[in-house]
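Reader: I would like to learn how to read a model like this one. Please take me through it feature by feature.

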Amino acid sequence: MAAVGSLVNSLACLWRQQCARTCLPHLFFCISFTGSILKATGLVPESYFSNSRNVLNLYFVKISWGWTIVLLLPFIFYSNLYNRSYIFVLRRLTSLLVATFIWYTCTETFFYIEDITGSCYESDTMQPIHITTKVACKKAGFIWDGFDISGHSFILTYSSLVIVEEMVPMLHIPQSDRNIHLDCFYIALNAIVAIWIWMFGCTSVYFHDIIHKVIGTLCGILGWYVTYVVWYPMPFSPGLPPQQKQHA
């Protein structure tokens with residue numbers, strides 16, 4: 001228990017540094033751009049993470065939105081309930097519905113764009129095949145080449161920014177008022193953010209073209225900005241996570 005509490009305090013101390021949160025969107029953009037340059041120059045050698053079947057990609061990134069919801073749902077409930085009403089907590093939980101809508105809309109749009117801009121090719125000779133949809137092309141064992149906006153760049157950026165915003169209440173809840181469940185969820189969310197940032201870097205240096213990654217990253221940043229910066233401070237919205245003055 002003492003070790004958990006100490007770790008939580010250390011993580012909270014990190015996130016209390018204003019630059020740690022405000023610079024995160026810029027960090028993602030810089031990693032995406034720099035990683036793409038490194039990929040183009042071929043300076044980064046192949047590694048375990050250049051294989052898309054690595055453990056973190058298969059069991060975390062591929063179901064990243066599931067991890068985000070499973071961890072954020074109980075965390076928002078526990079952290080937002082401190083000195084607040086259940087009505088407030090229910091209102092705040094609607095932010096996950098908004099986030100899920102943004103995630104679903106963006107990913108489906110990316111799939112649609114790739115579908116309408118692509119063509120099917122024979123795997124070895126790259127001769128065009130007269131199949132008009134990606135699903136049918138892949139099912140037949142061929143290659144589909146379209147404008148493939150990086151869903152990984154989008155979801156890892158967007159999920160990280162949402163999680164960091166929702167972790168803010170922990171910066172102001174006294175240790176004496178926390179419980180082991182809240183502390184464990186907080187540690188797990190920090191671990192997920194660390195994994196997301198690492199895998200975002202791997203995506204940047206090993207996969208996709210620069211334009212696909214930059215657009216995906218910008219979409220993730222835009223989804224966060226429109227909600228947490230523009231909309232949520234307004235009255236008719238899910239609202240922002242409790243800030244310091246609200247916990248006082």
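Reader: In which helix is the place of Asp 183?

Author: Helices (H or I, at least four residues) and strands (E, at least two) are DSSP runs, numbered from the N terminus. Asp 183 belongs to helix H9. Before going on, note that this is a predicted model, in which local features need pLDDT of at least 70 and side-chain atom pairs count only at pLDDT 80 or more, while totals for chains, interfaces and linings use all residues. Residues are numbered from 1 along each chain as its sequence is written, and side-chain values use heavy atoms, with hydrogens and water left out.

Reader: Is Asp 183 buried or exposed?

Author: Buried means under 20% relative accessible area, exposed over 50%, and partly exposed in between (1.4 Å probe, protein chains only). Asp 183 has a relative accessible area of 7%, so this residue is buried.

Reader: Which residues is Asp 183 in contact with, leaving aside its neighbours within four places in sequence?

Author: Contact means heavy atoms within 4.5 Å. With those neighbours left aside, Asp 183 touches Val 4, Gly 5, Val 8, Met 170 and Arg 178. Arg 178 is also its salt-bridge partner, and the closest N and O atoms of the pair are 2.7 Å apart. Arg 178 is buried as well, at a relative accessible area of 12%.

Reader: How many salt bridges does the rule count?

Author: A salt bridge is a side-chain nitrogen of Lys or Arg within 4 Å of a carboxyl oxygen of Asp or Glu. The count is three. One of them joins Glu 166 to Arg 92, with the closest N and O atoms 2.7 Å apart. Glu 166 is in helix H8 and Arg 92 in helix H6, so this pair ties together parts that are 74 residues apart in sequence. Glu 166 is buried at 0% relative accessibility, and Arg 92 is buried with a relative accessible area of 0%.

Reader: Which residue forms a salt bridge with Glu 114?

Author: Lys 134 does, and the closest N and O atoms are 2.8 Å apart. Lys 134 lies in helix H7 (residues 134–139) and Glu 114 in helix H6, so parts 20 residues apart in sequence are tied together. Lys 134 is partly exposed at 24% relative accessibility, whereas Glu 114 is buried at 5%.

Reader: How many residues are in the largest nonpolar core?

Author: A nonpolar core is a set of buried Ala, Val, Leu, Ile, Met, Phe, Trp, Tyr and Cys residues joined through side-chain atoms within 4.5 Å. The largest one here has 52 residues, and those with the most contacts inside it include Leu 72, Phe 75 and Trp 196. Among the helices giving two or more residues to this core are H1 (2–16), H5 (64–81) and H9 (180–206). H9 supplies the largest share, 12 residues. As for Phe 75, its contacts beyond four places in sequence include Glu 166, Met 167 and Tyr 186.

Reader: Where does UniProt place the feature "transmembrane region"?

Author: UniProt positions are given in the numbering used here, feature names are shortened, and annotations may be inferred rather than shown by experiment. The unreviewed UniProt entry places this feature at residues 24–44, 64–81, 93–113, 185–207 and 214–234. In the model, residues 24–44 are 86% helix and 0% strand, with end C-alpha atoms 24 Å apart. Residues 64–81 are 100% helix and 0% strand, and their end C-alpha atoms are 26 Å apart.
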